[in-house]
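Look at the model below, then work through the questions. Each answer ends on what was asked for.

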Amino acid sequence: MGSEKVIEEKKQGQALLTDEKAGNTKKLYLESYGCQMNLNDSEIVASILSEEGYNTTHLLEDADLVLVNTCSIREKAEKTVRKRLEKYAAVKKINPSMKVGVLGCMAERLKRAFLEEEKIVDLVVGPDAYRELPNLLEEVAAGRDAVNVLLSKEETYGDVSPVRLNSNGVSAFVSITRGCDNMCTFCVVPFTRGRERSRNPKTVLEEIEQLNKQGYKEITLLGQNVDSYLWYGGGLKKDFKNASEIAKATAVDFAQLLDMTARAFPQMRIRFSTSNPQDMSLEVIRSMAKHNNICKYIHLPVQSGSTSVLERMNRQHTREEYLQLVEQIREILPDCALSQDMIAGFCGETEEEHQDTLSLMDRVKYDFGFMFAYSERPGTRASKKMPDDVPLAVKKRRLNEIIQLQHQHGLIRMQQFVGKTVEVLIEGTSKKSELHWKGRNSQNAVVVFPKSGEQIGDFAEVLIEDCTSATLIGKKI
Ligand code: SAH
Ligand code: F3S
């Protein structure tokens, strides 16, 4: 099914590498699919296994252990992983002592059945069980099945220092919440990642401090729903109501966490993802306005512009409430970029409802978008209660209309930067030219400009002279 990423994302499905740790002799080949959260989880896994004698390798054929961190969000994501398992099976024929483990959302969704379905798999580990990897590997070594898919009330890996994989040394992800309580009817995440819990702000700040010392310049606070962050001493968000009065009075919410982070690290850029419209508060927007170092970009998935579809999706807001939120953001943060996630062809979507999506996009004119055709996921409320009745051809046509419109809006937004000077954090060499740098401005737009003695990790003031629908082109001033 069609999907399109308009903003640049980390490449998926390639070997993730980290620095070698002296004395480690075993070789781990690690691949990560899906969201940024998964990539960060892979970094946690690499950290745990580095203590067990494993260094990463980019050669599948060399690996003692192959781990694939999987995504279940759409059928296509799962198919990609199944294809990779075929490849691992071919390599295992040549190297029979190689062990293969499946991590993440597919592991959680399919559990023990994975071992029966895919004979090549030795190990199945859900997103909350990575601390158990050393024990599970012992089980595998002893010739036993190794499955741990328990979901946790507390696990946030707060004390694990992720080793940075394929890092440019400039920007890093820092997880602040795990799980999701929202139960959108189309979404498999609450089933695969469990209930929502937040990480101790102290460990969040310590991790950023370490990154700061290592020379990192930008961090992205991660969660399925960051605006719902709430630390009250640990435990599930849903149990907050039973917390003691002291815990309630000293609780830290997302606006406060943002504020603390921005104050503690004034030299660092701070980003966050993802915001759920229903949980985004004015305090968060005001926190963003208060601090120059909080990037002016909000990923604000809406999924549909139709109130009736939003209701069927169990999103907790209407079209009008969403537009009102966008207006408030524009008022407080006039230069803030916005991006969307959209689902085309959700159960029962009429042509009129689809038109509502296009008209909402016209109102907001998003800078970027992530757009998908609806893919029914087993176990979700939609799969049980609502027929997946929009024909594939119609889904694809609607998806295309959404993508085309997003291209137009993206171009309009990019053109607004032409003639302006923006601050760019240099992330690396441009893919198209050795002579140009590539980086992003505060609004998350990709900027390329000619090199003139700068280094990766430097900030540069760049005058924007031209653009495409995805890239700003300029020169340093
Ligand atoms: N809270 C997370 C959601 C993760 S899923 C976030 O807001 O980023 C990321 C996106 O995948 C969702 O916003 C939605 O647009 C899309 N998605 C989720 N389930 C889907 C499904 N069953 N079919 C198609 N797209 C889906
Ligand atoms: Fe999924 Fe909705 Fe949570 S999209 S991750 S259930 S906010």
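Helices and sheets

Q: Is the crossing of α10 and α12 left-handed or right-handed?
A: Helices (H or I, at least four residues) and strands (E, at least two) are DSSP runs, numbered from the N terminus. A crossing is left-handed if the near helix is turned anticlockwise from the far one by less than a right angle, and right-handed if clockwise. Where α10 passes α12, the crossing is right-handed.

Q: What kind of model is this?
A: Residues are numbered from 1 along each chain as its sequence is written, chains are lettered from A and ligands numbered from 1 in the order in which they are written, and side-chain values use heavy atoms, without hydrogens and water. Local features need pLDDT of at least 70, side-chain atom pairs count only at pLDDT 80 or more, and totals for chains, interfaces and linings use all residues, as the model is predicted.

Q: How are α10 and α12 oriented to each other?
A: The axes of α10 (residues 282–290) and α12 (residues 319–332) come within 10 Å and cross at roughly 25°. Axes are lines fitted to C-alpha atoms, for helices over the stretch in contact, and angles run from 0 to 180 degrees between N-to-C directions. Angles under 35 degrees count as roughly parallel, over 145 as roughly antiparallel, 65 to 115 as roughly perpendicular and the rest as oblique. The two helices, α10 and α12, are therefore roughly parallel.

Q: Which residues of α12 meet α10?
A: Contact means heavy atoms within 4.5 Å. From α10 come Leu 282, Ile 285, Arg 286 and Ala 289, and they meet, in α12, Leu 325, Gln 328, Ile 329 and Ile 332.

Q: Which residues of α9 touch α7?
A: Helix α7 (residues 201–213) packs against α9 at about 30°, with the axes 11 Å apart. That makes α7 roughly parallel to α9. On the α7 side the contact has Pro 201, Val 204, Leu 205 and Ile 208, and on the α9 side Leu 257, Met 260 and Thr 261.

Q: Which residue in β11 is the bridge partner of Ala 172?
A: Strand β8 pairs with β11 (residues 218–222) in the parallel sense over five bridges. For Ala 172, the bridge partner in β11 is Ile 219.

Q: What angle does α1 make with β4?
A: Six strands form another open sheet, in the order β3-β2-β4-β5-β6-β7, with parallel pairing. Helix α1 (residues 36–50) packs on this sheet and touches β2 (26–32), β3, β4 (65–70) and β5. Its direction and that of β4 make an angle of about 155°.

Q: What distance separates the centres of domain 1 and domain 2?
A: The protein is divided into domain 1 (3–148) and domain 2 (421–476), with bounds from an automatic or database domain assignment. Taken over C-alpha atoms, the separation of the two centres is 34 Å.

How values were computed: Two strands pair if DSSP finds at least two bridges between them.
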